[in-house]
Structures are given as C-alpha cells and as structure tokens.
Amino acid sequence: MQPTLLRDTALLFGRYARQTLRSPFQIFFGVLMPLLYLFFFGPLLTGLPLGREGDSWQVLVPGLLLQLGLFGASFAGFSIIMEKNWGVFDRMRVTPVSRLALLLGRVLRDAALFVFQAVLLVLVALPMGLRAPLAGILIGFGFVALLSVALASLSYALALKLPTPQSFGPAINTLAMPAMLLSGLMLPMTLAPGWLDALSHLMPFRYLVDAVREAYVGHYTTPALLYGVLVALGVAALAVTVGTRTFRSAGA
C-alpha cells in the first residue's frame with residue numbers, strides 16, 4: 001500500500017473503532033445468537049455420529065465462528081445507510097481520501113469486531129468441552145477475518161445500490177439463509193443426501209467451514225484446508241475489488 005492509503009485507512013479504522021468501543025451493546029449482542037446455538041444446540045450433538053473426525057464441539061464451533069462472519073458482516077451495510085441519512089456519507093464524498101481507504105477502514109473495523117466476538121465464543125466453548133489445538137483455533141480466527149472482510153465489502157456495495165433498510169434487509173436475508181443452509185454451518189454436509197451434498201459444493205462458504213473443521217482436529221496439510229484458504233483469499237480479493245469500484249461509481 002502507498003503511505004497515503006495506509007494513513008487514510010488507519011484514520012478511518014480508528015474512527016469506526018472508536019464508534020464501536022462506545023457501544024458495548026454492539027460488541028456483545030452480535031455474539032448472542034452463536035452462544036445460544038452453543039448452549040442449546042451443542043449438547044444435542046454430543047455422542048452422535050457426525051461423519052467427520054473429531055467430537056461434536058470440533059464440528060459445531062467452527063461453524064458457529066463462521067456464522068458470526070456470515071450474518072454479522074452481511075448486515076454491515078446498514079451503517080452506510082444510516083450515514084447517508086445523517087449526511088455523513090455526503091461529506092465523505094467530497095474528501096480527497098482514497099475510495100479504497102474508505103472501504104478498508106470500515107471492513108477492517110468489522111473484521112476486528114468479529115474476530116473479537118469469535119475469541120469470546122471460543123472461550124465460552126472451552127469449559128463446555130471444546131478441545132482443539134491452538135494453531136487450529138488461530139487458523140479459525142484467520143478465516144473469520146477473511147470472511148468478514150469479504151462479506152462486509154459486498155454488504156457495503158449492496159447498501160449503496162439499495163439505500164433503504166426496507167430493501168436492504170430482505171435482500172441480505174434472501175442471500176444469507178441459503179448460504180447458511182448449504183454451507184454446513186450447523187452440521188457437516190456429508191450427512192446430507194447426495195444431491196444436496198453435491199449442490200453445497202457450489203457454495204464457496206462450504207470450503208471455509210470444512211477448512212476450519214480440519215484445523216480444529218489438527219490437520220494442517222489436507223486438501224480441504226488448502227481449498228479453504230484459496231477460496232477465502234479469492235473471495236476476499238474479489239469482494240474488495242467490487243466494493244472499491246462501487247464506492248468509486250457512487251462518488252463516495
């Protein structure tokens with residue numbers, strides 16, 4: 001990155017990070033749904049054959065980590081809609097700040113937030129029975145960060161195209177729910193009928209879920225982990241490109 005881009009990104013990241021720190025409700029409320037799954041759904045899986053190596057917590061927790069990124073980052077675009085209503089967005093349009101920095105400052109704040117929530121989720125899961133190598137846990141946080149960057153970028157881009165909550169919310173739900181169901185977040189897709197398992201391979205998020213589950217059982221050189229890394233990097237790069245172009249075309 002150029003020095004100016006780094007400086008602008010850091011300034012914007014700091015601005016949005018301070019906003020987040022002033023709202024503890026935002027920090028902790030986002031992890032509520034995965035925690036409910038952990039407490040009330042996790043015990044149901046104990047001892048069940050899940051078609052994968054590792055215990056039920058090594059299957060469920062990786063899915064819940066990526067659920068944080070999937071739903072949290074997908075709805076990040078609501079903040080731009082609010083900024084437009086408050087006039088903040090219009091004031092930023094006339095600044096000389098790089099459009100890429102305007103995007104990166106936001107998405108890096110989102111990634112930091114969801115990684116922090118992921119840490120909280122893992123800390124709660126440990127006394128419930130989660131056992132995973134430290135390297136695997138750290139790899140999981142890396143995937144949460146990449147997924148957050150990718151989906152937040154696309155969410156901001158979509159929010160610029162659908163600038164009202166009434167249109168943005170239903171559009172995100174329409175996209176996020178099939179992604180969750182076909183990614184195997186709750187249960188491995190190997191338990192699904194053959195046609196559904198085959199269909200799930202068209203969903204990029206499935207490769208991320210499989211990769212984190214491999215890391216949680218200590219498998220770091222398997223094809224599943226490699227595919228997950230490549231897909232996560234590719235989707236993140238594509239999403240940031242789309243987001244940057246949308247910011248530029250919107251004059252943001």
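So, the second largest pocket: its lining is Leu70, Ser74, Leu151, Leu154, Ser155, Leu158, Ile172, Leu175, Ala176, Ala179, Met203 and Phe205. By pocket I mean an open set of points on a 1 Å grid over the protein atoms alone, where a 1.4 Å probe fits, with protein on both sides within 12 Å along at least five of seven lines, and lining residues have an atom within 4 Å of a point. This is a predicted model, where local features need pLDDT of at least 70 and side-chain atom pairs pLDDT 80 or more, while totals for linings use all residues. Numbering runs from 1 along each chain, and side-chain values use heavy atoms, without hydrogens or water.

The volume here is about 230 Å³, that is, the space filled by probe spheres set on the points. Helix 5, helix 9 (134–161) and helix 10 (165–183) each give at least two lining residues; helices are DSSP runs of H or I, at least four residues, numbered from the N terminus. The lining splits into 10 nonpolar, two polar and no charged residues.

Now look at Ser155, in helix 9. Is Ser155 buried or exposed? Buried, at 2% relative accessible area, where the cut-off is under 20% with a 1.4 Å probe and protein chains only. Its side chain reaches the backbone oxygen of Ser74 at 2.6 Å. Beyond neighbours within four places in sequence, Ser155 is in contact (heavy atoms within 4.5 Å) with residues including Ala73, Phe75 and Phe168.

And the largest pocket? That one is about 840 Å³, lined by 29 residues, with Gln26, Gly72, Phe75, Ala76 and Leu113 nearest its centre.

Definitions and conventions. Ala, Val, Leu, Ile, Met, Phe, Trp, Tyr, Cys and Pro count as nonpolar, Asp, Glu, Lys and Arg as charged, and the others, Gly among them, as polar. Buried means under 20% relative accessible area, exposed over 50%, partly exposed in between (1.4 Å probe, protein chains only). A polar contact is a pair of N or O atoms within 3.5 Å; within protein, one must be able to donate a hydrogen and the other to accept it, and residues adjacent in sequence count only if both atoms are side-chain atoms.
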